[in-house]
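Subject: Handover of a structure and notes on its contents

Dear colleague,

Please find the structure below, together with its sequence. I would be grateful if you would read the notes that come after it with the model open.

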Amino acid sequence: MRAYPRLILTAVTVMICMSLPVQTFNAGQGTSVHPASRLAREARSLQSNQIEAGNSSSYSGALDSQSSVEKQRHIIEMMRHAWNNYKLYAWGKNELNPISKRAHLSSVFGSGEMGATIVDGLDTLYVMGLTDEFREGRDWIAEHFNINEIDSELSVFETTIRFLGGLLSCYALTGDTIFRDKAAEVADALLPAFETPTGLPYALINPSTNASRQYHWADSNSILSELGTLHLEFSYLSDVTGREVYKNKVDKIREVLYTIEKPGDLYPNYINPRTGQWGQSGMFALAATTLENSFSERYMDVARKLTHTCHESYFRSETKLGPEAFRFSNAVEARAQKSDEKVYLLRPETFESYFIMWRLTKEQKYRDWGWEAVQALEKHCRVEGGYTGLTNVYHQNPQGDDVQQSYFLAETLKYLYLLFSDDSLLSLDEWVFNTEAHPLPIKGKNPLYRMASTPVPIEDNRV
């Protein structure tokens, strides 16, 4: 059996609720002191005692006995190392080649200047209290980010979770309307992909031409997991802009998926957006704590076992970092076999599970496992020009793949940082993470959920 960590960890990590301590915000008073600034002040206070480590690529090995606060400081330094090198060698481009020290031009968003690392990593900078870096990223977005100038095909899914989610998260945290307005521009650029007979979106869109299509390898089908994860961002955007067009698009997806006949009451992996027919076929920890029923104990048990299995895939490698996929057979357990399975692409999903399981169980092993991962990242992935993925996790001295993924800043370092934070910094009551680890406020529970004061007239809801 072949297992993909990014897929099976969805059972533990999807729809994560998080909260910030807010005490001073009153939307009706238009206060100039944003309540999320408390989080930034706490993070800056933590950082102020940090010993500057510069851009050294060396690994000291003396990290084991640090306290939780010291571990947070170390992860902040990792974020600065990743950000500063991106700024130095690839500013405005999408991602960084940290070994060759130049822009990565073959990322999922191509060679255009969309600043994927800036938009994706910005809320992590804010949460960590790196305000100078946050401001320079914010200013780049305000002055240079224009999705309508991109004349290449973009993934509707990736653009939603990274760009739309990242911008909306920054709006929620700061109240700065530039983020809301840029988010609306992104969503407007994606809307033509929804113009299908069923309302289910195509996978790819060219913002300049509005042309949309499917991935060639998927034939005429859309991927269920991609179109099924757009709801959070589009619904929230409708509420903060007053424009129902965004929510209507994703509500239509739910309507189709709810009413369509499902083989054996299960959802296949693919669906055709033109015909509405299924293509080829194919959240336990949080369910255990949010669904009060007879299955709660069972869900938590499954969550523990899933997380343990993924940790085993890390522990059984020479680098203590996990492969892209692993197998169970008579010959191997939790190990990759094919060369394309043995890579580590700076993935966050296992660390996301550690974070959730720590918050829900307070079992120390999850923090211990997370710190093992930090040490492995520092030993094997850190280079002078940033952080690189690995081509084979089973080599003692693995070769780097020379890519610093944008999600390394958005997800990997954020989850590791939060793993060692106090529950009050980001708890599970008022915020929900999107697929890219961008926190959005929960409606009805979070004072930072700013509904638009007046709905936009219907005639202005068209794009």
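The notes below take up the annotated site, one serine, the aromatic residues and the cysteines.

The structure is a predicted model, in which local features need pLDDT of at least 70 and side-chain atom pairs count only at pLDDT 80 or more, while totals for chains, interfaces and linings use all residues. Residues are numbered from 1 along each chain as its sequence is written, and side-chain values use heavy atoms, with hydrogens and water left out.

I begin with the annotated position. The UniProt record, an unreviewed entry, places the feature "binding site" at Thr435; UniProt positions are given in the numbering used here, feature names are shortened, and annotations may be inferred rather than shown by experiment. Thr435 lies in the loop between β14 (427-433) and β15 (439-441). Helices (H or I, at least four residues) and strands (E, at least two) are DSSP runs, numbered from the N terminus. Thr435 is partly exposed, with a relative accessible area of 32%; buried means under 20% relative accessible area, exposed over 50%, and partly exposed in between (1.4 Å probe, protein chains only). Leaving aside residues up to four places away in sequence, Thr435 touches Phe157, Ile161, Thr229 and Glu411, where contact means heavy atoms within 4.5 Å.

Ser406 is found in helix α16 (residues 406-419) and is buried, at a relative accessible area of 0%. Its side chain makes polar contacts with the side chains of Asp120, at 2.7 Å, and Arg162, at 2.8 Å. Among the residues that Ser406 touches, not counting those up to four places away in sequence, are Glu95, Ala116 and Glu436.

The aromatic residues come next. Rings of Phe, Tyr and Trp (its six-membered ring) pair if their centres lie within 6.5 Å; planes under 30 degrees apart count as stacked, over 60 as edge-to-face and the rest as tilted. By this rule the count comes to 21 aromatic pairs. One of them is the tilted pair of Trp83 and Tyr86, with 6.2 Å centre to centre and 50° between the planes. Trp83 and Tyr86 are about one helical turn apart, because they are separated by 3 residues in helix α4 (residues 68-90). Trp83 is buried at 0% relative accessibility, and Tyr86 is buried at 0% as well.

One aromatic cluster consists of Tyr314, Tyr344, Phe351, Tyr354, Tyr366 and Trp369. Tyr366 belongs to helix α15 (residues 364-381) and is buried, at 0% relative accessibility. Tyr366 and Phe355 are 11 residues apart in sequence and 7.2 Å apart in space, C-alpha to C-alpha.

Finally, the cysteines. A search of the whole structure finds 0 disulfides, a disulfide being a pair of cysteine sulfur atoms within 2.5 Å. Cys170 is buried, with a relative accessible area of 2%, and Cys381 is buried at 0%.

Yours sincerely

Methods: Polar contact = N/O pair within 3.5 Å; in protein donor to acceptor, adjacent residues only side chain to side chain.
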